[in-house]
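I opened this entry to keep a record of what I looked up, going from the contact between the chains to single elements inside them.

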Amino acid sequence: MAIVETRSLTKRYNSFTALKDLNLTLEVGDIFGFIGPNGAGKTTTIRILSTLLVPTVGEAFIDGIDVTKHPYEIKKILGYMPDAFGVYDGMRLREYLDFFGAAYKIPSKKRRTIIDDVLALTDLTSKADDFVSAFSRGMKQRCCLAKTLLHDPKVLLLDEPASGLDPRARIEMRELLKTLQGMGKTILISSHILSELGDMCNKIGIIEHGTLLAAGDYREILNSLKQEREVRIEVLEGEDAAARIIEATPGVSNLERSGSEFHFVSMLDRVALADLNTNLVNAGVKVLSFTQEEGTLEDVFLQVTKGGL
Amino acid sequence: MVAPGEWIILRRELRGTFTRRRWLAVIILWLVASAAIVTARWPEGTLAPEVYAGEARDLLAEQCLLMLAALACVLPAISVTAITREHEMDTYDQLRLSLIRDSALVRGKAFASMVMAVLFAVAVLPMFGISQFLLGLDNEHIYVIAIYILLFALMVVSVSSAAAFAFGRLVPALLVSYGICGMLLLSPLWFGAEAYNYGSGLVFLPRDEFSLLERFPVIGSWMLSFLFPSTALLTIVLDLVHYELFAVQCTILAGLSLLAYGIAIKSLRRRDRFESSVQSREVTDEQSLHARRASFPYYLVDPLRPKPSISDHQNPVLVREFRCALFYKLSTMIRVACVTFVFALFAIAAASLRNSLQPVINCLLFEIAALALVVPAVLAGSLGAERRAGNIDMIRMTLLPPRALLVGKLAGGLGAMAPITVAVAVAMLPAFVVYSYSHFVLAAGIITFATCMFVAASLSMLVASVAHRAETAVISSTLLIVAAFYLVPFAGWAYDYLRPGEYADLWEYWHNPPIHHMLSPVMSYTSYVSNNALSTNDYDIPVMAHWWLLSQIMFVAGSILALWLASFSFNRYGMRDT
């Protein structure tokens with residue numbers, strides 16, 4: 001079931017088109033990585049979905065509710081963590097969460113328990129009585145995420161949640177998001193840290209100049225876009241025969257041999273690779289390992305986007 | 001050859017300024033106003049040559065005053081924001097790490113503002129030139145005016161820059177700059193021999209004949225030259241006062257400029273004062289709160305005490321404003337209230353000495369004028385800062401209606417200003433006892449003060465809800481409040497002045513005030529009480545007998561409308577992106 005859906009979403013600022021015909025569908029439990037260069041339209045999309053901006057053209061639905069027509073209902077099921085946010089002076093973390101809990105109309109009797117839960121979830125329990133304005137950047141990010149989770153939203157929109165965090169804080173943030181996914185939340189993350197998105201997301205969308213260039217299952221996109229793959233074969237016996245067969249296979253280039261290991265760039269599809277493996281075995285080559293090195297999100301991103309401003 | 005630091009700064013500043021259309025609009029507005037004066041004041045019929053000369057001088061003097069007013073309004077905004085924006089955009093550290101010297105940085109910023117001042121002057125040169133057609137105008141007068149305007153502009157720019165470098169933050173810098181410029185700007189009204197004496201409460205001058213200045217002419221001359229240069233300029237152009245006074249004034253303006261320049265450079269070199277906003281804090285928030293609480297013993301809300309949970313029926317924004325934000329605002333506002341109280345007591349003392357209620361009324365009017373500076377700083381400034389920090393967006397994403405946000409912020413701002421209202425009311429108490437026959441006048445004055453505070457707060461909220469940046473919110477709401485308080489009566493007064501004949505003299509003018517005074521909460525009160533409060537039975541329509549009250553009600557209703565508009569703007573689509 002689609003929990004987030006956009007149809008021909010377009011946003012124009014005078015003559016500048018920030019977002020062009022965006023069509024996007026997320027299912028329940030998806031972690032969607034929204035990637036693109038600066039100014040590509042990621043934040044605009046997120047702000048439209050979070051009811052803070054009105055689209056020029058198009059529609060957006062969250063859990064079947066029209067974002068532009070029923071913003072109040074949307075706010076009940078949506079958690080938004082902006083890329084830039086401030087914290088109030090003179091407020092302790094518990095007071096800060098209590099303030100937003102009240103703003104989300106959480107009854108005061110339940111609020112304390114919920115605050116304790118989100119503090120535990122975000123590993124901030126020990127900081128509950130500290131002033132939020134004195135927090136480090138990483139702590140503020142966690143604090144904002146805790147605030148975002150207060151009303152138990154079905155969908156989380158996280159705009160650059162890991163920006164400015166140190167490596168440890170990033171790893172912790174990634175683990176936290178995986179925990180949230182385990183809780184059944186649908187998460188849309190925009191980020192520049194592609195390697196981490198690759199680990200977390202089951203779906204990705206690549207946007208540039210306001211146009212969605214690719215969107216869908218991460219593996220499928222990886223496979224469909226990655227034409228050239230690096231293949232590594234290790235054999236126990238029959239190195240020469242293996243070298244001949246590999247060299248004679250169409251679509252193989254840059255063959256390198258290092259003892260019993262072969263390394264080459266392949267243009268072969270999955271069936272052709274399986275055939276190559278069969279040919280090697282039939283020729284008496286004892287294949288120890290046959291691995292195709294996976295492409296990365298960086299490769300896909302560079303291949304899909306054109307760059308430039 | 002490498003360009004000097006001043007030029008590098010100047011070029012960048014001007015590029016930024018000239019690409020903003022708002023300044024072009026201000027110049028056009030200014031040009032239209034100047035043209036309107038020339039059109040309205042151009043003498044009709046055939047006049048004797050000596051009359052022509054007098055008319056020309058009058059025309060020149062009026063244009064000159066208008067220009068001084070325009071410069072005093074615009075230059076502080078340009079000068080202060082040019083400096084504080086560097087801080088807000090975190091570009092300040094980059095400048096300081098460059099090889100541009102501190103003094104070159106100050107001069108570059110000041111020169112850029114001076115170029116705008118010159119541009120303003122050049123824009124109306126044709127209007128000035130038209131005065132020459134009237135003949136009889138000495139070149140000497142033109143030189144005097146040119147020198148004076150440039151020195152005045154230099155002084156305003158220097159003081160504003162010094163304030164910006166000294167405070168590092170927009171609001172206090174603007175308050176100081178506009179405070180000084182306002183004093184200079186209002187001086188003709190306060191001290192003009194023929195004008196209504198607004199300032200008597202301030203300087204113990206219930207009437208000219210009893211004034212300190214009249215009794216002690218030497219002190220008077222110096223005060224005159226220091227505080228009231230534009231009045232003196234008028235008299236010079238009108239050939240009423242000696243040129244020595246002009247020399248003294250110029251010296252003072254130049255001295256003030258140099259002093260401000262020195263303060264600016266010294267402030268710039270005090271690194272801790274102007275630290276970058278991206279720099280990490282050296283003390284934790286808790287430590288700074290302890291320090292702040294220790295230095296401020298008047299607090300009503302203890303920021304370090306853990307707060308109970310917000311109950312279900314409470315407005316969270318309002319609760320937060322009172323529990324947390326109020327402490328920060330009160331620490332400043334209590335001091336402002338103390339100054340207000342002392343000031344009001346002086347006025348009461350002056351009233352007792354003179355046995356006249358006038359200084360008390362003048363004091364109230366002065367306090368109301370101060371609202372135009374204080375309220376935007378408290379409301380529009382804090383709201384703008386919150387928007388920049390991104391807090392407003394997070395609140396907009398909650399289930400709170402815009403009305404709750406608006407009411408919370410408004411109540412918090414008014415709560416922060418409560419000490420001032422209390423100080424004014426308490427200071428008025430002796431006057432209630434002494435002048436038992438004038439209870440209505442005093443009570444009406446306090447009601448007017450409260451009305452004006454509400455009007456100012458509502459306008460600030462409205463402007464802050466649509467303005468993109470904090471400085472725009474503060475400056476625009478200040479100008480809007482001043483316009484709401486004074487523009488219509490001032491325009492009417494200017495019209496009456498420019499088209500004489502309707503009133504025999506100023507006494508008659510003030511005792512038979514025109515109905516357009518109703519369009520200002522301040523002027524409706526002033527006119528009503530100067531008209532002995534109760535002699536309004538001549539109106540044909542009975543309800544008009546209480547036109548002061550009507551005016552107040554009308555302004556309160558207008559303010560509620562402004563709040564409704566602000567609420568609309570705070571709504572998800574009306575509010576611009578942060």
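**Contact between chains A and B**

I began with the contact, to which chain B gives 30 residues and chain A gives 33 residues. I then asked which elements give two or more residues to the side of chain B that touches chain A, and found helix H14 (285-295), helix H15 (316-354) and helix H18 (391-396) of chain B. Sorting that side of chain B by class, I noted 15 nonpolar, six polar and nine charged residues. I keep in mind throughout that this is a predicted model.

**Chain B as a whole**

Of its 578 residues, 43% count as buried, and among the contacts in chain B with a separation of 6 or more, 80% are accounted for by residues 24 or more positions apart.

In chain A I looked up strand E9 (residues 203-208), which is mostly covered, with six of its six residues buried. I wanted to know which residues point which way from E9(A): A:Lys203, A:Gly205 and A:Ile207 point one way, A:Ile204, A:Ile206 and A:Glu208 point the other way, and all are buried, the charged A:Lys203 and A:Glu208 included.

Next I checked the pairing of E9(A). Strand E3 (residues 31-35) of chain A pairs with E9(A) in the parallel sense over four bridges, and here I found A:Ile35 opposite A:Ile206. Strand E10 (residues 211-217) of chain A pairs with E9(A) in the antiparallel sense over six bridges, and there A:Ala215 is the bridge partner of A:Gly205. I also recorded that E9(A) and E10(A) form a hairpin with two residues between them, and that A:His209 in the turn has a positive phi of about 50 degrees.

**Helix H5 of chain A**

My last item was helix H5 (residues 137-149) of chain A, where I compared the span with the expected one: its 13 residues reach 18 Å from the first C-alpha to the last, close to the 18 Å expected at 1.5 Å a residue. Which residues of H5(A) are buried? I listed A:Gln141, A:Arg142, A:Cys143, A:Cys144, A:Leu145, A:Ala146, A:Lys147, A:Thr148 and A:Leu149. As for what covers these buried residues, I found that the cover includes strand E6 (78-81), strand E7 (155-159), helix H3 (93-103), helix H4 (108-121) and helix H6 (167-182) of chain A.

How values were computed. Residues are numbered from 1 along each chain as its sequence is written. Chains are lettered from A and ligands numbered from 1 in the order in which they are written. This is a predicted model: local features need pLDDT of at least 70, side-chain atom pairs count only at pLDDT 80 or more; totals for chains, interfaces and linings use all residues. The expected span of a helix is 1.5 Å times one less than its number of residues. A residue is buried if 20 or more other C-beta atoms lie within 10 Å of its own, exposed if 12 or fewer, and partly exposed in between; C-beta atoms are placed from the backbone. Two residues are in contact if their C-beta atoms, placed from the backbone, lie within 7 Å. Two strands pair if DSSP finds at least two bridges between them.
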